[in-house]
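Welcome! Please take a moment to look over the sequence and turn the model around before reading on.

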Amino acid sequence: MPRAQRREQILDAATRAFARAGYVATGLDGVAAEAGVTSVLLYRHFDSKADLYRAVLDRACARLEATVGSSDFDENSISALLRAAAEDPDGFRLLFRHAAREPDFRDVVDGIRAMSAEVTRRELAAVIPEGPWLDWAVQYVPTVTLEAVIAWLDAGQPDPGEAADRIALVVHSAIRAANSLD
C-alpha cells in the first residue's frame, strides 16, 4: 500500500479509537490493531501517540474548515456544520468533546472557538448593542450550536433535512434573548 494511503488508513483507525475512549485511555497497540497494522508500521508514520493524536485533530480541523469555511456565517452555516459532522462524526466529536478536555491539545479547540467568537462578534454586532449581552452572545451562540450538533449526532442524526432549521431556532432565540435583556 502506498505510504500516503497507509497514513490515511492509520488516521481513520486512530480517529475511531480516540473517539471511543479519548486520548488517555487509547493505546497505540489498540490503534495499530484497529488499523490492521503492526506497531512498528504505525511508528514509521507517527513518532508518538501525541504526534498521532495531533495529526488526527489537524485532519478533523481541515475537513471542518473545507466544509464550513472560517470567515463568515450565513444562512447555510448550520447546514454546513451538520454536513461536516455527519461526514466525520468521530473527528467532530474528537474536536469538540474529547480534545477540549485534553490540556495538551486544548489549543486546537481554543483556536476554533476564538475564530468562531471573532466571526460571531462581527455578525452579531449589527443586531446586538455593544456591551455585556453581546459578549455573552458571542460566547454562547457558538457553544450552543456545537452542543446542538453533537446532541444531534448522539441522537442518531434525526431529521437531517430539518435539523439545521431546528438548531437555527435555538440560535435565533439566543440572539433575541441577548438583544432584549439590555
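## About the model

This is a predicted model, in which local features need pLDDT of at least 70, side-chain atom pairs count only at pLDDT 80 or more, and totals for chains, interfaces and linings use all residues. Residues are numbered from 1 along each chain as its sequence is written, and side-chain values use heavy atoms, with hydrogens and water left out.

## The whole chain

Let us start with the overall picture. The chain has nine helices and zero strands; here helices (H or I, at least four residues) and strands (E, at least two) are DSSP runs, numbered from the N terminus. Along the principal axes, the C-alpha atoms fill a box of roughly 60 × 35 × 25 Å.

Of the 182 residues, 44% count as buried. Buried means under 20% relative accessible area, exposed means over 50%, and partly exposed lies in between (1.4 Å probe, protein chains only). Among contacts with a separation of 6 or more, 67% come from residues 24 or more positions apart; a contact means heavy atoms within 4.5 Å.

## Helix 5 and helix 9

Find helix 5 (residues 77-87) and helix 9 (residues 160-180): their axes come within 9 Å and cross at roughly 125°. The axes are lines fitted to C-alpha atoms, for helices over the stretch in contact, and angles run from 0 to 180 degrees between N-to-C directions. Helix 5 and helix 9 are therefore oblique to each other, given that angles under 35 degrees count as roughly parallel, over 145 as roughly antiparallel, 65 to 115 as roughly perpendicular and the rest as oblique. The crossing of these two helices is right-handed; that term applies if the near helix is turned clockwise from the far one by less than a right angle, and left-handed if anticlockwise.

Helix 5 brings Ile78, Ser79 and Leu82 to the contact, while helix 9 brings Ala163, Ala164, Ile167, Ala168 and Val171. By class, seven of these residues are nonpolar, one is polar and none is charged. Ala, Val, Leu, Ile, Met, Phe, Trp, Tyr, Cys and Pro count as nonpolar, Asp, Glu, Lys and Arg as charged, and the others, Gly among them, as polar. The buried residues of helix 5 include Ile78 and Leu82, and their cover includes helix 4 (49-68), helix 6, helix 8 and helix 9.

## Helix 1 and helix 6

The axes of helix 1 (residues 3-25) and helix 6 (residues 89-98) come within 9 Å and cross at roughly 40°. That makes helix 1 oblique to helix 6, and the crossing is left-handed. Among the residues in this contact are Phe18 and Gly22 of helix 1 and Asp90 and Leu94 of helix 6. By class, the contact has four nonpolar, four polar and two charged residues.

## The nonpolar core

Which residues have the most contacts inside the largest nonpolar core? They are Leu52, Phe92 and Leu95, in a core of 59 residues. Such a core is a set of buried Ala, Val, Leu, Ile, Met, Phe, Trp, Tyr and Cys residues joined through side-chain atoms within 4.5 Å. Leaving aside neighbours within four places in sequence, Leu95 is in contact with Leu57, Ala60, Cys61, Leu64, Ala100, Val108, Val109 and Ile112.

## A look at Asp154

Asp154 lies in helix 8. At 43% relative accessibility, Asp154 counts as partly exposed. Not counting residues up to four places away in sequence, Asp154 touches Arg93 and Arg97.
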